[in-house]
Amino acid sequence: MIQENEIPKYLKQKESNISKSNRKSKHKHHYEECLIQYRSTFIGKTHLNTGLYTYCTICGKINEQFKENKSIVKDYIREVNSPIGKCYSHIPDEELYEKYHNKLPVFFVEDIFKEGYVDLEQNNN
Ligand SMILES: [Zn+2]
C-alpha cells in the first residue's frame, strides 16, 4: 500500500523509471482494466477521485475504459429515474473503489489529464 506522503518521491523518480522500463521500445499496447485515483480541486477543496480506466501493462499508458461487455464492472452505468425521465449515471467513485479495488489494480496519478501514464511500479505486489 502506498502512503499518500510517499507520492512525491514516486514523481521525482519518474525519469529513471522511464529509462528502466520498456516505455520507449516498440510494442503493441496491451490494455487491462484498472482503477485510477487522482486528485481534483472543487471549491478550494481537494478530492480523491476514482475512475475506471485501462492501462498498458507494458508501458503504463492510460486509455479509456473498456466497453461494458468487456469490463468486469457490470454496474458502471446505471439507470436513474428522475423527474424528467430516465437518466444514465455512472457508479459513484466511492462505490466503484469499494467494490472493485480488490479485483482491479489501483494506481494513483497526480494529474490524470496531464500525465497519461500510470507508474507500473506502484502495483508491484
Ligand atoms: Zn504500451
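**Entry 1: the zinc site**

I started at the zinc ion and found it coordinated by His27 (NE2), His29 (ND1), Cys56 (SG) and Cys59 (SG), at 2.0 to 2.3 Å. I took as donors the N, O and S atoms within 2.8 Å of the metal (3.2 Å for Na, K and Ca); water is not among the atoms, so sites may look incomplete.

A note on provenance before going on: this is a predicted model, where local features need pLDDT of at least 70 and side-chain atom pairs count only at pLDDT 80 or more, while totals for chains, interfaces and linings use all residues. Residues are numbered from 1 along each chain as its sequence is written, and side-chain values use heavy atoms, with hydrogens and water left out.

Why is the arrangement around the zinc ion tetrahedral? The four donor atoms subtend angles of 104 to 119°. The rule I used: four donors count as tetrahedral if all angles lie between 85 and 135 degrees; four count as square planar and six as octahedral if opposite donors are over 155 degrees apart and all others between 65 and 115; anything else is irregular.

Next I read the donor spacing along the sequence, which is H-x1-H-x26-C-x2-C. The pair of histidine 29 and cysteine 56 links distant parts of the chain, 27 residues apart. Histidine 29 sits in the loop between helix 1 (7-20) and strand 1 (31-42), and cysteine 56 is in strand 2 (residues 45-56). For these elements, helices (H or I, at least four residues) and strands (E, at least two) are DSSP runs, numbered from the N terminus.

**Entry 2: cysteines and exposure**

I then asked how covered these residues are, with buried meaning under 20% relative accessible area, exposed over 50%, and partly exposed in between (1.4 Å probe, protein chains only). Cysteine 56 is buried at 0% relative accessibility, and cysteine 59 is buried too, at 2%. Histidine 29 is partly exposed, because its relative accessible area is 34%.

How many disulfides does a search of the whole structure find? It finds zero, taking a disulfide as a pair of cysteine sulfur atoms within 2.5 Å.

**Entry 3: the overall layout**

I counted three helices and six strands in the protein. From the N terminus on, the order is α-β-β-β-β-β-α-β-α.

Of the 125 residues, 30% are buried. The accessible surface comes to about 8800 Å², and carbon and sulfur atoms hold 51% of it. These areas come from the Shrake-Rupley method with a 1.4 Å probe; for residues, only the protein chains shown count as cover.

For contacts, meaning heavy atoms within 4.5 Å, I considered those with a separation of 6 or more, and residues 24 or more positions apart account for 56% of them.

I traced an open sheet of four strands, in the order 3-2-1-6, with mixed pairing. Strand 3 (62-63) and strand 6 (106-109) stand at the edges with a single partner strand each, so one side of each has no neighbour in the sheet. Two strands pair if DSSP finds at least two bridges between them.

Strand 1 and strand 2 are antiparallel over twelve bridges. Across this pairing I found isoleucine 36 opposite glycine 51 and threonine 41 opposite threonine 46.

The hairpin of strand 1 and strand 2 has two residues between the strands. Isoleucine 43 lies in that loop, and its phi near 45° is a positive value in a residue other than glycine. Is isoleucine 43 buried or exposed? It counts as exposed, at 73% relative accessibility.

Strand 2 and strand 3 run antiparallel, joined by two bridges; threonine 54 has asparagine 63 in strand 3 as its bridge partner. Five residues lie between these two strands in their hairpin, and glycine 60 in the turn has a positive phi of about 90°.

Leaving out residues up to four places away in sequence, valine 106 touches Leu35, Gln37, Tyr97, His101 and Asn123. Its C-alpha atom is separated by 9.5 Å from that of glutamate 33, 73 residues apart along the chain.

**Entry 4: strands 4 and 5**

Last, I checked strand 4 (residues 77-82) and strand 5 (residues 85-90), which run antiparallel with six bridges joining them. Arginine 78 has serine 89 in strand 5 as its bridge partner. The two strands form a hairpin with two residues between them.
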